[in-house]
Structure formats: C-alpha cells, structure tokens
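Subject: Structure for you to look at

Dear colleague,

I am handing over the structure we spoke of, with the sequence alongside. My notes on what was found follow below, and I would be glad if you read them with the model open.

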Amino acid sequence: MTYETAAYLKLMLHGGLKEAYLCLLDDMLDGEPILEGILLELSEADDDTEKAISCLKQFLSGQRVDYDFVAERLRLLMLGLFNEGVMNQSEVVSALCCMAENSGFETVEPWHSMRTMENYYCVAVQGDLDADRFNDAFYAFLADRVPFFNQISGANGEWKRIVSRRFEDQRRMTWVGFFLNHIAPYLDMGLFLAVLAAAAALLEADAIRNQGIVILLVGIYVFVTAAFLALGPLTRAGRLDSELKRLQLDVAPENAKEHYEYHLNGQTILFDREGMTVDEAFFRLENLEAEMDTSGKHAAVSLRITLRTKSGRIFQIPLCPDSLAMLERFEIKLDNRSDLDYLLGNRREAMKDILRFGAVWPDRRTRR
C-alpha cells in the first residue's frame, strides 16, 4: 500500500465515508494472497473506525505523502457520490470539511476550499448568500477543480486577479515595455475614436471647407499608429544580443546533484528523486505535469519550468543549468520537450521567436 492510499483511506474515515472505505479495503484485501503489515492491521480492525484511523496514522507517521494527489482522489470520489445521489450537498460539504481539517494543509488549496465551503454553505442556507451562486461554486470545485473562493468571490475577486496580473507585468517589464503593452494600445484606440468623432463633426458642419483638416487628422493618426507598430520590432532588435548574453543554459558536471533547491516569491522549492517539496507540502514527481514556459515580447524575457499538480496548483522554477540537469537526472518529462530541444539547439532563432511572439516556434507554421 502506498502512503498516498493510506492517507486517502484515513481521510475517508475522517469524512464519515465508512461504507466506501470498507468497499475499497475489501477490494484491496481480495487482491493480496498474503496479508501483512498495514493491510493485516486494517483487516483486524474491520469496521472499528477509531482503530483503523489509529493504524493508518501510525503507518503514515514521519512519511512523505503527496497530499495534493490525495486531495484529487477525494475530489473525484465526492463528485461520483454526489452525482450518483449517494450523498446530498450538505453531506458532501460536511465530509470535505472534516477531511480538510485532518489533512494538516487546510490553509492551502485545494484543502482551503474544502475547509471554508461549510461556512459559506451555512450562510447560503440562512439566506444571506445567493443559493445559486453557492451551488455554482460548489459544483465548479467538484467537477472542474476551480478553487471555491475564486468562484464565490464573484466579480470583485476577478477584478483583484486582473489588477494583480497587471502589477506583476509592471514589475517584470521595463518602462518602455509596460507602456507598449498596457498604455499605448488604449491611447491608440482613444485617438482613433477622437479622430473619428472630430472628422464626423467637421464634415457635418462643412464638408468642403473642413476636408483638409479631416485629411490632416487622419494623417496624424496613421503616423502615430505606424510609429507604435514600428517601435516593437525596433525595441526587440536592440535587445536580442543582450538577451542571448544573459541566457545561461550550459549544463556542467557540478549541476548533477541529489537535491535541488529554488527560492521564488518567498517559497522554498526542494527536489529529490522522490518528489517536490514546497514549504511543508510534498508532491511525487510522477504526479506532476511539467512544461517549459516562456515570456517575451516587450516584457523581460523569463524562461521557466512550470509544474502543475493533480489538483491544479502551479509552481514555477527558472530554466537554468540546475533545472536542466534536474530534468534529466530525475527523468522529469516535459509536455513540450520539442520546444526545449529547439531552444537549446537554436538559441538565436528561438530568442527571436520569444521576443516576437512570447514563445518559441520550432516549425514556423503554427503560432503557439
């Protein structure tokens, strides 16, 4: 039995899913010709919930468990029980809350959603929160892994995320880049509307007399737009050599390690052959999806490895000699490995792609 399965069984019991637990345990016992260890202890505990929890707790003591993977299994289990009518909404919410409280990770997603959902459910039952809004957030979490608070926070929450992204862009971009990406397009649109309104007013007043003024206004708009469109390529051309000098992707023997450590945004991310540890949360490597991620255009070029857990949590580490060595040493598969190979083998062309499109473009046919 894996430690993840043991944690899954333990939290099922904490959530009151005794029948589901016994069915799964029977299947596991039937598949073992000789009972020993934790399976033997659980078979002896039978339907004694407290004894079974005690056995599982002792089995898990001091072990590294991918609780994110466990949360995903529990989410799918609860979705099935809810869709099949075995449990109603109130029972699901209560079970999720109990599971989260006993996970030890109730302050991080997806456990935070499971823990706080019960509070919002009580508010909705009392009529202080729109029931349809709660139902949508509840099912979005169960069916699509959407964090519950993201849904229940509504438009205000979405606005906060938009503002947050905008500040992140501003932090990473140069002043010119931020102006070109977030200010110039709106100014150009505003200028177009102003020219259109002025031209309409002038032509309506006296089309013949004001024709020259209208042509001048249109000419000014065309000039400004052309300058804006030309500034991007000129800016990128001036940055290509500097970005290539900054690009360090040559792996050396000293990059081959047993442990790798990264510090990003106040988080410490550790890797070894078993998995990834972020603060106190552990994720097994086989449960992670990884891909190379790039950003460019007018923003400062940032090459990263993006790691996505089973429950949808996202972590990023820099693309550097250490991370490249780690990918090979720990056999971490990238979903877009061909993009990385293209970058490593064609650095200048790949950097041109990143500065122009924000992503590498190996085949030059399909924009990514």
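V195 counts as buried, because its relative accessibility of 12% falls under the 20% limit. Please keep in mind throughout that this is a predicted model. V195 lies in helix α11, which spans residues 175-206, and, leaving aside neighbours within four places in sequence, V195 is in contact with L217, V218 and Y221. The C-alpha atoms of V195 and I220, which are 25 residues apart along the chain, are separated by 9.1 Å. L187 is also found in helix α11, but L187 is exposed, because its relative accessible area of 52% is over the limit of 50%. Between the C-alpha atoms of L187 and T225, 38 residues apart along the chain, the separation is 10.0 Å.

For the protein as a whole, there are 15 helices and seven strands, and of its 368 residues 41% count as buried. Among contacts with a separation of 6 or more, residues 24 or more positions apart account for 57%. The accessible surface comes to about 20300 Å², and 54% of that surface belongs to carbon and sulfur atoms.

Turning to the strands, β1 (residues 260-264) pairs with β2 (residues 267-271) in the antiparallel sense over five bridges, and H263 has T268 in β2 as its bridge partner. Two residues lie between these strands in the hairpin, where N265 takes a positive phi near 50°. β2 is also joined by three bridges to β3 (residues 275-278), again running antiparallel, with F271 standing opposite M276 in β3. The hairpin that β2 and β3 form has three residues between the strands.

Another hairpin is formed by β6 and β7, with five residues between them, and G312 in its turn has a positive phi of about 95°. β6 (residues 302-308) and β7 pair in the antiparallel sense over five bridges, and the bridge partner of L307 is F315 in β7. In a regular strand the side chains alternate between the two faces of the sheet.

Which residues line the largest cavity? The lining is made up of Y67, D68, F105, E109, W111, A281, F282, F283 and R313, and the elements that give two or more residues to this lining are α5 (67-83) and β4 (281-284). The largest share, three residues, comes from β4. About 50 Å³ of space lies in this largest cavity, and its lining residues divide into six nonpolar, no polar and three charged.

The second largest cavity holds about 40 Å³ of space and is lined by A71, E72, R75, P110, F141, R145 and S311. Here the largest share of the lining, three residues, comes from α5, and the lining residues divide into three nonpolar, one polar and three charged.

Some points of backbone geometry may be worth a look on your screen. Most residues other than glycine have a negative phi, and most peptide bonds are trans. The peptide bond from E109 to P110, however, is cis, with omega near 0°. P110 has its place in the loop between α6 (89-101) and α7 (111-125), and P110 is one of the residues that line the second largest cavity.

R145, which also belongs to the lining of the second largest cavity, has a phi near 65°, a positive value in a residue other than glycine. E331 is found in the loop between α13 (321-329) and α14 (337-345), and with a relative accessibility of 67% E331 counts as exposed.

With best wishes

Technical notes
Residues are numbered from 1 along each chain as its sequence is written. This is a predicted model: local features need pLDDT of at least 70, side-chain atom pairs count only at pLDDT 80 or more; totals for chains, interfaces and linings use all residues. Side-chain values use heavy atoms; hydrogens and water are left out. Two strands pair if DSSP finds at least two bridges between them. Helices (H or I, at least four residues) and strands (E, at least two) are DSSP runs, numbered from the N terminus. Buried means under 20% relative accessible area, exposed over 50%, partly exposed in between (1.4 Å probe, protein chains only). Contact means heavy atoms within 4.5 Å. Accessible areas come from the Shrake-Rupley method with a 1.4 Å probe; for residues, only the protein chains shown count as cover. On a 1 Å grid over the protein atoms alone, a cavity is a set of points where a 1.4 Å probe fits but cannot get out, and a pocket is an open set with protein on both sides within 12 Å along at least five of seven lines; lining residues have an atom within 4 Å of a point. Grid points are joined across faces, edges and corners, and a volume is the space filled by probe spheres set on the points. Ala, Val, Leu, Ile, Met, Phe, Trp, Tyr, Cys and Pro count as nonpolar, Asp, Glu, Lys and Arg as charged, and the others, Gly among them, as polar.
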